[in-house]
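Subject: Structure for you to look at

Dear colleague,

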Amino acid sequence: MFVTVNGQKTSLPELSTLAGLLRQVAPAFPFAVARNEEVVPRESYEQCRLQPGDAIEIVHPAAGG
Amino acid sequence: MGEKPLTLYGQALASRMLLGTARYDSPSVLVDAIAAADPAMLTVSVRRQAGVAGRTFWNLLRESGRTILPNTAGCLSAQEAVKTACLARELFDTKRIKLEVIGDEVNLQPDPFGLVDAAIELVRLGFQVFPYCTEDWVVCRRLLDAGCEVLMPWAAPIGTGQGPRNPRALRELRDHLPTVPMIVDAGIGLPSHACQVMEWGFDGVLLNTAVSRALDPVKMASAFADAIRSGRAGFKAGPMISQDIATSSTPEIGRPFTLDSTAPAEAPMLTSP
């Protein structure tokens with residue numbers, strides 16, 4: 001199945017969880033994740049089952065004013 | 001005895017400067033600027049990119065020991081700002097959010113309607129909202145009605161360094177709301193601008209570009225820290241009221257080479273023996 005990760009189409013095995021996706025993407029620590037515009041708390045990554053077409057945002061601390 | 005510290009959402013701040021972390025030439029310059037400025041808070045953002053610089057930046061924030069104030073910079077709607085704030089809360093583990101809802105991509109002017117809508121929703125979600133706003137009195141009142149406990153009116157558009165563009169309206173806002181904490185955010189270019197708004201009674205200043213794009217950001221950070229302290233001290237000292245007519249500060253009485261008509265009777269007279 002396909003999901004989008006930060007706007008990029010990404011291939012994943014069926015029945016993937018968000019935790020599985022994060023193992024595949026291996027984002028630098030620290031990060032926060034939203035699935036379909038809703039924040040997923042870090043303690044829920046294992047339970048969060050992804051669906052085809054889900055839009056995942058992974059964000060990091062950045063400089064800002 | 002010293003003044004009571006500025007308190008925002010129950011947190012007493014050790015300084016009246018808030019410093020942005022963007023547009024420094026290197027992480028080490030930012031570290032030195034933080035040390036020189038001694039700001040109460042550092043503003044940061046959330047972005048997709050991280051990489052090696054991201055890790056360094058994170059460590060730098062942690063080691064600074066400063067309170068982190070994430071922003072919703074660049075958001076163009078209330079909905080986008082609320083979603084970004086929720087990500088920032090998860091990422092930085094804080095309820096504080098510097099709320100930016102931009103209404104015009106050219107001058108980065110806040111969208112007053114989206115700002116109020118987002119503030120209402122974020123307060124409902126338990127955030128401590130620091131709204132970047134214009135000096136419009138009615139918008140500020142709506143933000144307070146929404147539950148904001150601090151206002152952050154601009155001096156001028158972000159990154160322009162123009163200093164207070166509408167001094168009269170800024171001062172009227174201060175007079176209307178004498179007890180609401182107000183931080184002047186954006187558009188400050190010089191230490192004298194910061195000193196000026198502090199003399200008017202604003203509670204603090206949020207800076208970024210004026211420090212980070214100075215030729216010597218560390219020296220400029222220190223100059224701003226002095227200016228902010230000085231402006232605050234001037235405000236607390238109670239400035240004189242400006243006058244339309246000149247008044248000599250030196251007494252006229254006894255001025256040499258004048259007719260003696262103003263000399264006081266008890267003044268010693270020079271007489272011939």
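**Chain B as a whole**

Of the 273 residues of chain B, 43% count as buried. Please keep in mind while reading that this is a predicted model. The secondary structure of chain B comes to nine helices and 10 strands, and its C-alpha atoms fill a box of roughly 95 × 40 × 40 Å along the principal axes. The radius of gyration of chain B is 24 Å, whereas a compact globule of 273 residues would have one near 19 Å. When contacts in chain B between residues at least 6 apart in sequence are considered, 63% of them join residues at least 24 apart.

**Where the two chains touch**

The contact between the chains takes 27 residues from chain B and 17 residues from chain A. On the side of chain B that touches chain A, β4 (41-47), α2 (51-64) and α3 (78-92) each supply at least two residues, and α2(B) gives the most, with six residues. By class, that side of chain B divides into 12 nonpolar, 10 polar and five charged residues. If you want a place to start looking, A:P61 stands opposite B:V46 in β4(B).

**Helices in chain B**

Two packed helices are described by the angle between their axes and the distance between the axes. For α3(B) and helix α4 (residues 112-124) of chain B, the angle is about 40° and the axes are 8 Å apart, and α3(B) passes α4(B) in a right-handed crossing. From α3(B), the residues B:A78, B:A81, B:V82 and B:A85 meet B:G114, B:D117, B:A118, B:E121 and B:L122 in α4(B). Sorted by class, this contact has six nonpolar, one polar and two charged residues.

Helix α7 (residues 191-199) of chain B is mostly covered, with seven of its nine residues buried. The buried residues in α7(B) are B:P191, B:H193, B:A194, B:C195, B:Q196, B:V197 and B:M198, and what covers them includes β9 (183-185), β10 (204-207) and α9 (217-236) of chain B. After α7(B) comes B:G201, whose phi is positive, near 105°.

**Backbone details worth a look**

Most residues other than glycine have a negative phi, and most peptide bonds are trans.

A cis peptide bond joins A:F29 and A:P30, with omega at about -5°, and A:P30 has its place in the loop between α1 (18-25) and β3 (32-35) of chain A.

A:N36 has a positive phi of about 50° although it is not a glycine, and this residue lies in the loop between β3 and β4 (38-40) of chain A. A:N36 counts as partly exposed because it has 13 C-beta neighbours inside 10 Å, where a buried residue would need 20 or more and an exposed one 12 or fewer.

In chain B, phi of B:D38 is near 50°, again a positive value in a residue other than glycine, and B:D38 lies in the loop between α1 (27-37) and β4 of chain B. With 15 C-beta neighbours inside 10 Å, B:D38 therefore also counts as partly exposed.

With best wishes

Terms used. Residues numbered from 1 in each chain as written. Chains lettered and ligands numbered in written order. Predicted model: local features only at pLDDT ≥ 70, side-chain atom pairs only at ≥ 80, totals over all residues. Contact = placed C-beta atoms within 7 Å. Helix = DSSP H or I, 4+ residues; strand = E, 2+ residues; numbered from the N terminus. Nonpolar A, V, L, I, M, F, W, Y, C, P; charged D, E, K, R; others polar. Pairing = 2+ DSSP bridges. Rg over C-alpha atoms; globule rule 2.2 N^0.38 Å. Axes fitted to C-alpha atoms, helices over the stretch in contact; angles between N-to-C directions. Left-handed = near helix turned anticlockwise from the far one by under 90°.
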